[in-house]
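Open the model in your viewer and keep the selection tool at hand. Each stop below says what to select and what to look for.

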Amino acid sequence: MKKLEDYSEDIYKCTKCGFCQAICPIYRETRLETAVSRGKFTLLNGILLGKVGFTPKIGKYLDMCLGCKACYDFCPAGINAEEIILAARAKYSSIHGVGWLKRMLIWLFKSNLRLKLFGAALNIYKKTGLYAITTILARFLGRVGSVINVFNAQLKENVRYKKLSAISEQKSLKIVYFPGCINAYANPSAANAVKMVLERNGYKVTVPSDFRCCGIMAMSAGDLDTFRELAAHNVGLIPDDTDVLLTDCASCGSAWHNYPDILEGELKLKAETIAQKAVNINEFLDKIQLYIPESTVLNQSVTYHDPCHLSRFQKVTEEPRNILRKIPGLEYKEMEDASQCCGAAGSFCIAKPEISLAISKTKAQNIADTGAETVITSCSGCKIGLAQGMAVSGVQKPILSPVELLARLYLQEENE
């Protein structure tokens, strides 16, 4: 990956036009000049020229970025602010280290053993009745209750795995599926749906048992050593004869496309090959002859939120909508600013909760305005952002991914 100094020309090239103000979700809520690319580039230019020190205060300004890449589309100079800010965070962390909160989250997610213990604790929480008790108590606990509702919403298993028979002959395509941390250790619902939908359509999927976190949280925090370690481990698990690497979480998919930039030598070459095979589940399903039952319908209305890491980073926007429009009985309602960030942005919702919540509330209002019964998205992190916005806004709607909705369609067909 490039260092901050490698971006000096781009930083200097910033025209200071302020177009980024119009599109930056953080600026909309704070009106702070340091929230937008223009303000950050002024500071970074001063650092590169030796006129400003890389102080902890500047580190806080660097944290005020969702990494949503919305400003890139509006930048007349074509500057990739997200890349530059990531490089700046890496430079800052090499001097001052990663903050304790992000450091703790990275420590948890980089170890499968710790994640397994965390997952076991969550299972105890769900199966002993504590989940039901806290859900009831949340009604009387105000803001704390909203936090509980957001947490509990992430644990609801919308789709339980059931072996489905294939409707066609077994396909020869060799598919590896990367489930990600949330699917593997917190809530298997989306992973269950992926396996069921692929099985129904005649595809066999392989999931290496030792996959680790994709590392995007470490990359975002500037901890490139951890990101490199996780990338090398995951790339090494992919068989050479793999035809497709599937992801359903937008953030995980982006991480796989970033692996070639952090690795070297043979691993870099392998990562480049894998990145070309890495496909989001929505893109994959939209390209195949997707099985849709003729006599089974899902009578409900839905709206779709575009995850930043899917729409802007992987250019997957129409594919999820195409899938939704294929489902019989489904009424699709487009929301206003569907591609605006939900406010979660990985650890941002924990590091900057007030700003994150304000952005999420705007998104929740856009959802409510559609009148849709169900919210659809394709990112584990976005489900958190959408849930927190709806929790404090009094908007109660289930949040599913397109593949979970397809799995429900297939299960309903089996039961009819």
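**Stop 1: Phe41.** Start by selecting Phe41, which is found in helix H3. The model is a predicted one. Is Phe41 buried or exposed? Its relative accessibility is 2%, so Phe41 counts as buried. Now show its surroundings. Setting aside neighbours within four places in sequence, Phe41 is in contact with Ile11, Cys14, Ile79, Ala81 and Ile84. Phe41 and Trp256 are 215 residues apart in sequence, and their C-alpha atoms are 28 Å apart in space.

**Stop 2: aromatic pairs.** Display the rings of Phe, Tyr and Trp. How many aromatic pairs does the structure hold? There are ten aromatic pairs. Two numbers matter at this stop. A pair of aromatic rings is described by the distance of the centres and the angle of the planes.

Select Phe54 and Tyr92. Their aromatic pair is tilted, with 5.7 Å centre to centre and 55° between the planes. Phe54 lies in the loop between helix H3 (37-48) and helix H4 (56-63), while Tyr92 belongs to helix H6 (residues 81-96), so this pair ties together parts that are 38 residues apart in sequence. Phe54 and Tyr92 are both buried.

Next, select Phe227 and Tyr259. Their ring centres are 5.7 Å apart and their planes stand at 55°, so this pair is tilted. Phe227 sits in helix H14 (residues 224-236) and Tyr259 in helix H15 (residues 250-262), and the pair links these distant parts of the chain, 32 residues apart. Phe227 is buried at a relative accessible area of 0%. Tyr259 is buried too, also at 0%.

Together with Phe227 and Tyr259, they are linked by ring pairs into a cluster.

**Stop 3: H14 against H15.** Stay here and switch to cartoon. Two packed helices are described by the angle between their axes and the distance between the axes. What is the angle at which H14 and H15 pack? It is about 110°, and the axes are 10 Å apart. That makes H14 roughly perpendicular to H15. To see the contact, show these side chains:

- From H14: Leu224, Phe227, Arg228, Leu230, Ala231, Asn234 and Val235.
- From H15: Ala255, Trp256, Asn258, Tyr259 and Ile262.

Stop 4: Four strands form an open sheet with parallel pairing, in the order S2-S1-S3-S4. Strand S2 (205-206) and strand S4 (278-280) are the edge strands, each pairing on one side only. Two bridges pair strand S1 (residues 175-178) with S2 in the parallel sense. Zoom in on Ile175, which stands opposite Val205 in S2. Now bring H15 back: it packs on this sheet, touching S1, strand S3 (244-247) and S4. The direction of H15 makes about 140° with that of S3.

**Stop 5: another sheet.** Move to S6, S5, S7 and S8. These make an open sheet of four strands in the order S6-S5-S7-S8, with parallel pairing. S6 and strand S8 (399-400) stand at the edges with a single partner strand each, so one side of each has no neighbour in the sheet.

Select strand S5 (residues 300-304). Five of its five residues are buried, so S5 is largely enclosed by the rest of the structure. Gln300, Val302 and Tyr304 point one way from S5, Ser301 and Thr303 the other.

Check the partners of S5. Three bridges join S5 to strand S6 (residues 330-332), and the two run parallel. The bridge partner of Gln300 in S6 is Leu330, and that of Ser301 is Glu331. With strand S7 (residues 374-376), S5 pairs in the parallel sense over three bridges. There, Thr303 stands opposite Val375.

**Stop 6: charges over rings.** Finish with two side-chain pairs. Select Lys69 and Phe313: the charged end of Lys69 sits over the ring of Phe313, 4.9 Å from its centre. Then select Arg114 and Trp107. Arg114 lies over the face of Trp107, at 4.1 Å from the ring centre.

Definitions and conventions. Residues numbered from 1 in each chain as written. Predicted model: local features only at pLDDT ≥ 70, side-chain atom pairs only at ≥ 80, totals over all residues. Heavy atoms only, no water. Phe/Tyr/Trp six-rings, centres within 6.5 Å; stacked < 30°, edge-to-face > 60°. Buried < 20%, exposed > 50% of the residue type's maximum accessible area, 1.4 Å probe, protein only. Lys NZ or Arg CZ within 6 Å of the ring centre and 35° of its normal. Pairing = 2+ DSSP bridges. Axes fitted to C-alpha atoms, helices over the stretch in contact; angles between N-to-C directions. Parallel < 35°, antiparallel > 145°, perpendicular 65-115°, else oblique. Contact = heavy atoms within 4.5 Å.
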